[in-house]
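Me: I should like to learn how to read the features of a model of this kind. Please take them in turn, giving the general idea and then the case at hand.

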Amino acid sequence: MPVRTAFAAQIEHLQILDEHGKLDERLAQGTLTDEQVVFAYERMIDYRKLDEIAFTLQRSGRMYTYPQNKGQEAAALGSGLAMRKGVDFLVPCYRENAALFLHGLPPECIFLHWMGDERGNAIPSGVNVTPIAIPIGTQMLHAVGLAWAYKLRKEDRCVITYFGDGATSEGDFHEAMNFATTFNVPCVFFCQNNQWAISVPREQQTASETVAQKAIAYGARGIQVDGNDLFAVYKATTEARDRARAGGGITLIEAITYRLGDHTTADDARRYRDTAEVESWAAKDPMIRTRKYLESKGLWDEQKQAAAEEHGKAFAQDIVRKSEGIAKPEVREMFDHLYAEIPDELRRQRDTLRTHSLGLYPEQSGLAVSGRRGS
Amino acid sequence: MPRTPQMIEKGLTLVDAINEALSQEMERDARVICLGEDVGLNGGVFRVTEGLQRRFGPDRCIDTPLSESGIMGTSIGLAMAGMRPIPEIQFEGFLGPAHDQLVNHAARFRNRTRGAITIPLTVRVPWGGGIHAPEFHSDSPEAIYTHSPGMKVVCPSTPSDAKGLLLAAIRDPDPVIFFEPKRVYRSFRERVPEEDYTIPIGKAKLLTEGTDLTVVTWGASVFQCLETLDSLPDDQSVELIDLRTINPFDADAVAASVEKTGRCVVVQEAPKTCSMASELSATIQERCFLHLLAPVQRVCGFDTIMPYAKLELEYLPDPKRIAEAIGHTLAY
Ligand SMILES: Cc1ncc(C[n+]2csc(CCOP(=O)(O)OP(=O)(O)O)c2C)c(N)n1
Ligand SMILES: [Mg+2]
């Protein structure tokens, strides 16, 4: 019996806008309009400024921890633009702020979260995003559940879930992929492969040549895109979204990008990675190529740049004002949102702010709590 | 690893002491390996494993993929094969994915194989609140693991205890979960013997002697209690016990103290209901019923989710709450 090939697959890599700002016109067809690109570039400026100000706030003790998004804006914006605001749902990790903002999340929510305030997770109604996911990988399964509900209810909606390269090592990733494909739910898996999971490089995270190929084992489609290329990210996500909505199956998008900053403000990446590597990726910064492209098309100039930067600065300062202008939460807030209805013991703890019981029960014998023994 | 001039002059932090214990044990016993997320080149996010990879190589201080179930499950196999793995879970909030392997496998192998297969591993886990860390980085889950038979649970509060208890944990024939109170990782230095020594698992430490009331605590709360004791009126004579091991806990030491004082307050960071404080209260009333002059009181974290940083100090027991409970108990 001849040995036959039971299965074969290959993974494509899509790039439309290269790091020099040169666009592949053919591949770009039907993707982003000029207005959309200008809009996205302006948002990159705003959100980069916001990211930088968050960093300085942390350094001056006004924010506790912050994971910079710097360098990954094209991945977040391109995919965010591909999803329909108010219809589709975003289930993020913590490095795609820009996508959340595009879909209506007030940026001060993210600031409040990192300032140690749960009110930052009180997502306004109508904004279709879940809060930042701190435990790595857990959110992907929630995304599949959301999408499953849409399918069961025959709603024309789609979910996108974001995660890092490191997250693909968690069991939750594999379980989410398997459920998503087994039940063929309208969900897009978007991996921001920024080459590092804290100090662990991508090559040490998995022996797979690509993250995208992990899709194949689950009967999904995998595609790798240049994650710093707004066009490629947009195109791949739009196709994945339409395919999922039509019941055509799951796509795992691997966006190749780079974490230009430290893992978080608590990290010092110089301990484990070369500055030469960081510099080589800094040259591939999505902002540089997007600007070059816009300039080459006569859609952008120095004057516009200066105005956009002013706008970004004012925008970021406004968010700082909004997030710092809110009074410290009342202590009772830690009790009030735990259950729909507060149980008696918890109410007692809330009202007395203590967990010891003496003096709380009138029928308890032997009370003389006002005095001190021996005095 | 040789001590730095600062360590020689000023003593060791908790981080230094744990690092020294790991290093000495890896030197002494070739079966010992450390594994976990970022423990290698980066030395762990708290630098507890700093320098170990450089010294012992990437086969003995190992950066793993980002998978707690993977870390824990493979550590079980490594232990089964005669290694002495020391997995690190980066924060206690990420024990979740490791829980099944830890509770349903590591802790059960000895019993379910009638002793044929044993799992001598030591899971190191930064534990507790007080450092303004993000969500899922500040919990105190010691009761969960104490409630899961087959595992020992240790929580030292000082550098010298940490070194001796960690060496005992690594050499213990059963799985040990070693909680490291991150709030005091670097908050003070202490003289720590440089040589090899162990502190028996299951033995509490009497920190201050007293006659009127016993306070039992562990982890970073020890220092909240010490601060409280400093500010108590002179006529309140309080005995302070650092439990050090949560499971098996030193019921004899606690009972002996409470039989003497007749009153007890248990202080812990974890939520009150169904906690270690509950277990201690139950044990004390069982063993010391006729000696008790007041009901045992619990000063704990509230029965809520550990709040984010803005409210965490309102959540954690502090000297004010501890002193109030001591006052009430003495006045009973
Ligand atoms: C379950 C879990 N384990 C460990 C951590 C600690 N941790 C936070 S971020 C991180 C690395 C994540 O890497 P990746 O998925 O690539 O995302 P990136 O930070 O690079 O965007 C780790 C180990 C966590 N938050 N959750
Ligand atoms: Mg990453």
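**Reading the model**

Reply: Chain A averages a pLDDT of 96, and 97% of its residues score at least 70; pLDDT is the predictor's confidence in each residue, from 0 to 100. This is a predicted model, in which local features need pLDDT of at least 70, side-chain atom pairs count only at pLDDT 80 or more, and totals for chains, interfaces and linings use all residues. Residues are numbered from 1 along each chain as its sequence is written, chains are lettered from A and ligands numbered from 1 in the order in which they are written, and side-chain values use heavy atoms, with hydrogens and water left out.

Me: Over which residues of chain A does pLDDT stay under 50?

Reply: Where pLDDT is low, the predicted coordinates should not be read in detail. In chain A this applies to residues 369–375, where pLDDT stays under 50. The model has 16 contacts (heavy atoms within 4.5 Å) beyond four places in sequence for that stretch.

Me: How many helices and strands has chain A?

Reply: Helices (H or I, at least four residues) and strands (E, at least two) are DSSP runs, numbered from the N terminus. Chain A has 15 helices and eight strands, and its C-alpha trace spans about 90 × 65 × 45 Å along the principal axes. Of its 375 residues, 55% count as buried, where buried means under 20% relative accessible area, exposed over 50% and partly exposed in between (1.4 Å probe, protein chains only).

Me: What is the volume of the largest cavity, and which residues are the closest to its centre?

Reply: Rolling a probe the size of a water molecule over the atoms shows where empty space is left. On a 1 Å grid over the protein atoms alone, a cavity is a set of points where a 1.4 Å probe fits but cannot get out, and lining residues have an atom within 4 Å of a point. Grid points are joined across faces, edges and corners, and a volume is the space filled by probe spheres set on the points. The largest cavity has a volume of about 80 Å³. Of its 13 lining residues, Tyr47(A), Asn69(A), Glu73(A), Asn97(A) and Ala98(A) are the closest to the centre.

Me: Where in the backbone is a cis peptide bond or a positive phi found?

Reply: Most residues other than glycine have a negative phi, and most peptide bonds are trans. The bond from Asn247(B) to Pro248(B) is cis, with omega near 0°. Asp38(B), not a glycine, has a positive phi of about 65° and is buried at 3% relative accessibility. Arg114(B), also not a glycine, has a positive phi of about 50°, whereas its relative accessible area of 68% makes Arg114(B) exposed.

Conventions: On a 1 Å grid over the protein atoms alone, a cavity is a set of points where a 1.4 Å probe fits but cannot get out, and a pocket is an open set with protein on both sides within 12 Å along at least five of seven lines; lining residues have an atom within 4 Å of a point.
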